[in-house]
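Here is the note on this model that was asked for. Please read it with the coordinates open.

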Amino acid sequence: MFRSPAAALLRRLAPRLSGGTVGSASSARRTLPPHIAPSVLARFSSTPTSSPPPSSSAGERDDEAEDHELPGAARLSISVDRSGLCTPPEHSHEPSSDSELIKHLKSIIKFRSGPISVAEYMEEVLTNPQSGYYMNRDVFGESGDFITSPEVSQMFGELIGVWAMCLWEQMGQPEKVNLIELGPGRGTLLADLLRGSAKFVNFTKALNINLVECSPTLQKVQYNTLRCEDEHDGDEKRTVSKLCGAPVYWHASLEQVPSGLPTIIVAHEFFDALPIHQFQKGSRGWCEKMVDLAEDSSFRFVLSPQPTASLIFLSKRCQWASSEELEKLEQIEVCPKAMEITEQIADRISSDGGGALIIDYGKNGIVSDSLQAIRKHKFVHILDEPGSADLSAYVDFTAIKHSAEEVSDDISVHGPMTQSQLLGSLGINFRVEALMQNCDEKQAESLRTGYWRLVGDGEAPFWEGPDDQTPIGMGTRYLAMAIVNKKQGSPVPFE
Ligand code: SAH
């Protein structure tokens, strides 16, 4: 692998990046909103921090190691990016021996004497309380099934922190604010956000941290990643993150988070895990795709013989599309849960003030056929051993925009813009340069690879490692959208 000092690295990377604002270190500097740089970034520690290596659980990390470990060197070795495949390979997917979840799915289908929707299948597979995919294990990193941006580099969480602090400033620096993360995974994004903003004491002092997480196992991982401790005051117990001293609360859904405080919401790779309905155009018009049992008791897809109740969501989604867009489509995916959660977000922001940042891989338009399953960094069939692979679908950002706008005139929706534009405008080039000043060669290599994965496009051109680990850039496939209360004006960097 070629090695070079930071400036040379950026010169070599920059011309190959797409997405406008990350064209080069100097172009990012020009586009940086004046109130971010250097006032915010300059106060970040310029030492790379250690983040949980993908192969170990966050709970096993050694506090002492924090100042001298690599900034995520171990985070970078995985090359599969689950945004790349829309059509999984066909192959036999008969389960070898039935797991609890498979037995459960089969019993639902038998009990109903008919197939279940893809949405119901997806919901059971991912979040069934007993045996859902997310419920009993840490699925991230090298030893898991897939890797996400916060696990790739500390810079991701730090820059989301810049976004949150700017919004807090625009809100008039309220003394108390609800910081809500939807689907925090290992808690890495939030940990990097809190470490990065540690010097902004008025901001961190204001935080009430609320994590919306359905998985008890991941809640424990988040507790450790955020260095949480339980404090007792008589009979009262509260949990506090030692990263910033803020209280931390967990909830199974957004509705359960107490309202009444100005709010900052972050949702990274949360919406893609929400259950989708799939529809297919046929001679009888639009039919819902369902999951049924074949004669040999394996799962198979069928089309619903009669109209399903979910057609109402299809017709709602189609109202936001042009007839030209609809004419071209043979299949459509609709995510009512994403619409519902967006409405809750918009409602909360409209009454409490603040804003939300949603980042996910997806499309600014109707999604056709994107559902995919990934196990151990490889794509597998959606019906193959349900519960042992992640299921996710492209996020329909147009549907999110309209769902939010319908709730209230007090909110505005901004974007989507690409992840590359978002991180470029928030100052990732400054950040990588600062970290590069203070690191060894191995760390520099990690930073460079992480930088590429976050803002690059396609395969990294500088990679000389194993082919199956070539870093794939997420810069243009991931999109960011902000929903804010109009009182605050346009959010950084969407103005
Ligand atoms: N944001 C993290 C993790 C993304 S994976 C990251 O970028 O690394 C999706 C996360 O959402 C997991 O933590 C999963 O347990 C959680 N999740 C999925 N569906 C959920 C639901 N319906 N309610 C609450 N949490 C959910």
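This is a predicted model: local features need pLDDT of at least 70, side-chain atom pairs count only at pLDDT 80 or more; totals for chains, interfaces and linings use all residues.

1. Ligand location. The ligand sits in the largest pocket. Around the ligand there are 17 residues. The closest of them are Thr148, Gly183, Gly185, Glu213 and His268.

2. Sheet layout. Three strands form an open sheet in the order S14-S13-S15, with antiparallel pairing. Strand S14 (378-380) and strand S15 (390-392) are at the edges and have a single partner strand each, so one side of each has no neighbour in the sheet. On average, neighbouring strands here are turned by 40 degrees against each other, direction ignored.

3. Pairing of S13. As background, strands of a sheet pair through backbone hydrogen bonds, in either a parallel or an antiparallel way. Strand S13 (residues 372-375) pairs with S14 over three bridges in the antiparallel sense, and the pairing of S13 with S15 is likewise antiparallel over three bridges. On the S14 side, arginine 375 stands opposite lysine 378, while alanine 373 stands opposite valine 380. On the S15 side, glutamine 372 has serine 392 as its bridge partner.

4. The hairpin of S13 and S14. How many residues lie between the strands of this hairpin? There are two. Lysine 376 is found in this loop between S13 and S14. The phi of lysine 376 is near 50 degrees, which is a positive value in a residue other than glycine. Most residues other than glycine have a negative phi. A reader checking backbone angles will want to look at lysine 376, given its positive phi.

5. Cis peptide bonds. Most peptide bonds are trans. Two cis bonds are noted here. One joins glycine 415 and proline 416, with omega about 10 degrees; proline 416 lies in strand S17 (residues 411-418). Another joins valine 492 and proline 493, where omega is about -10 degrees. Proline 493 is found in the segment after strand S20 (478-485).

Conventions
Residues are numbered from 1 along each chain as its sequence is written. Side-chain values use heavy atoms; hydrogens and water are left out. Two strands pair if DSSP finds at least two bridges between them. Helices (H or I, at least four residues) and strands (E, at least two) are DSSP runs, numbered from the N terminus. Axes are lines fitted to C-alpha atoms, for helices over the stretch in contact, and angles run from 0 to 180 degrees between N-to-C directions. A residue is near a molecule or strand if one of its heavy atoms lies within 4 Å of it. On a 1 Å grid over the protein atoms alone, a cavity is a set of points where a 1.4 Å probe fits but cannot get out, and a pocket is an open set with protein on both sides within 12 Å along at least five of seven lines; lining residues have an atom within 4 Å of a point. A molecule sits in a cavity or pocket if more than half of its atoms lie within 2 Å of its grid points.
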